[in-house]
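User: I would like to learn how to read features of a fold from coordinates. Please take one feature at a time, with the general idea before the case.

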Amino acid sequence: MKEEITKIKLPSKFEDFNETRKNGFLKMKELKESGKKVAGIFCTYTPQEVIYAAGLIPVSLCATTEDSIKYAERDLPKNLCPLIKSSYGFAVSDTCPYFYFSDIVIGETTCDGKKKMYELMGDFKNVHVMQLPQNNNDELSLKLWTNEIYKLKRKLEETFDVEITEEKLWNTIKMGNQERRNLRKFFELGKLNPSPLSGVTMSGTQDAFGFNFNREEKNKSIVKKTKEVYEMWKKELKGKKSKRPRILITGCPIGGIRKKY
């Protein structure tokens, strides 16, 4: 183990990063040195329960900043989706701590642009691509997706020399369901009038929850934050009605869009 730890290095550009990115690298480096394995993911379709059951930590690699696009356009056409270029740019430039320390990247065929991105990533990273069905009302679609989940299970077991048991899967499913229930209660704060948090703040807070890699701590932090906000609403806002209109933004993902005015 000691010999393996000495091989874990920070990228050569580390000193050029801002403090937030430096902290991200250091946090992931600490996890790696404790023996943890990391799976980079791009989409909510990715079955995180299987990843957790294999003993890995899933972390989102989708990027919503333009900073890294310049690196991507060396390989990708300029008219390609900016989300893909941003994500690939971070990957190819070693400027994203979560991609840099990922032991495997799990992709999914949500669009042709991503398929090309995964193809190029495969030249410098261990990439496993899941084939998504095109609809949810065809019997064959369910068989396809079920088979893709089993293929992922076998890939993780073979790559990391682990066994994904039914008991491990049920444990991760239960914890994931509890996390989703906690998040639902957090977002239901938005039903209050006046709302204690803007949509931008709520979704940004959710993103912050996602980068707590201890699942028990993450669940506790969601519950704690929900309680804090509700108590603040009761003391400062309850009884004050607001007629401000509410705007619904839809799409996947909306990380970059929500910052536009």
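**Reading burial, contacts and the sheet**

Analyst: Lysine 85 is buried, with a relative accessible area of 6%. The model is a predicted one.

User: Why does lysine 85 count as buried?

Analyst: The general idea is a cut-off: a residue is buried under 20% relative accessible area. Lysine 85 counts as buried because its value is 6%. This lysine lies in helix α5, residues 82-93.

User: Which residues is lysine 85 in contact with, leaving aside its neighbours within four places in sequence?

Analyst: A contact here means heavy atoms within 4.5 Å. Leaving those neighbours aside, lysine 85 touches Ser68, Ile69, Ala72, Glu73, Leu76, Pro77, Lys78 and Leu80. For Lys78 there is also a polar distance to read: its backbone oxygen lies 2.5 Å from a polar atom of the lysine 85 side chain.

User: How many residues does the chain have, and what share of them counts as buried?

Analyst: The chain has 261 residues, and 39% of them count as buried.

User: Now the secondary structure. How many helices and strands does the chain have?

Analyst: There are 11 helices and four strands. The four strands form an open sheet in the order β2-β1-β3-β4, and the pairing is parallel. At its edges are β2 (56-60) and β4 (127-130), each of which pairs on one side only. On average, neighbouring strands of this sheet are turned by 25 degrees against each other, direction ignored.

User: How do I read the pairing of β1, and over how many bridges does β1 pair with β2?

Analyst: Take one partner strand at a time. β1 pairs with β2 in the parallel sense over five bridges. Between β1 and β2 the chain passes through helix α3 (residues 48-53), and this β-α-β crossover is right-handed. On its other pairing, β1 (residues 37-41) joins β3 (residues 104-108), also in the parallel sense, over three bridges.

User: What should I expect of side chains along a strand, and how many residues of β1 are buried?

Analyst: In a regular strand, side chains alternate between the two faces of the sheet. In this model β1 is mostly covered, with four of its five residues buried. β2 is likewise mostly covered, and four of its five residues are buried.

User: Which strands does α8 lie across?

Analyst: Read such packing as a list of strands plus an angle between directions. α8 lies across β1, β2, β3 and β4, and runs at about 165 degrees to β4.

User: What about histidine 128: is the residue buried or exposed?

Analyst: Histidine 128 is buried, with a relative accessible area of 11%. This histidine is found in strand β4. Leaving aside neighbours within four places, its contacts are Ile104, Val105, Ile106, Gly107, Lys151, Leu152 and Lys155.

User: And for contrast, is glutamate 167 buried or exposed?

Analyst: The cut-off for exposed is over 50% relative accessible area. Glutamate 167 is exposed because its value is 60%. The residue sits in helix α9, residues 166-187. Sequence distance and spatial distance can be read side by side here: glutamate 167 and alanine 53 are 114 residues apart along the chain, and their C-alpha atoms are separated by 8.8 Å.

Notes. Residues numbered from 1 in each chain as written. Predicted model: local features only at pLDDT ≥ 70, side-chain atom pairs only at ≥ 80, totals over all residues. Heavy atoms only, no water. Helix = DSSP H or I, 4+ residues; strand = E, 2+ residues; numbered from the N terminus. Buried < 20%, exposed > 50% of the residue type's maximum accessible area, 1.4 Å probe, protein only. Pairing = 2+ DSSP bridges. Axes fitted to C-alpha atoms, helices over the stretch in contact; angles between N-to-C directions. Right-handed = clockwise from strand over helix to strand, strands pointing away. Polar contact = N/O pair within 3.5 Å; in protein donor to acceptor, adjacent residues only side chain to side chain.
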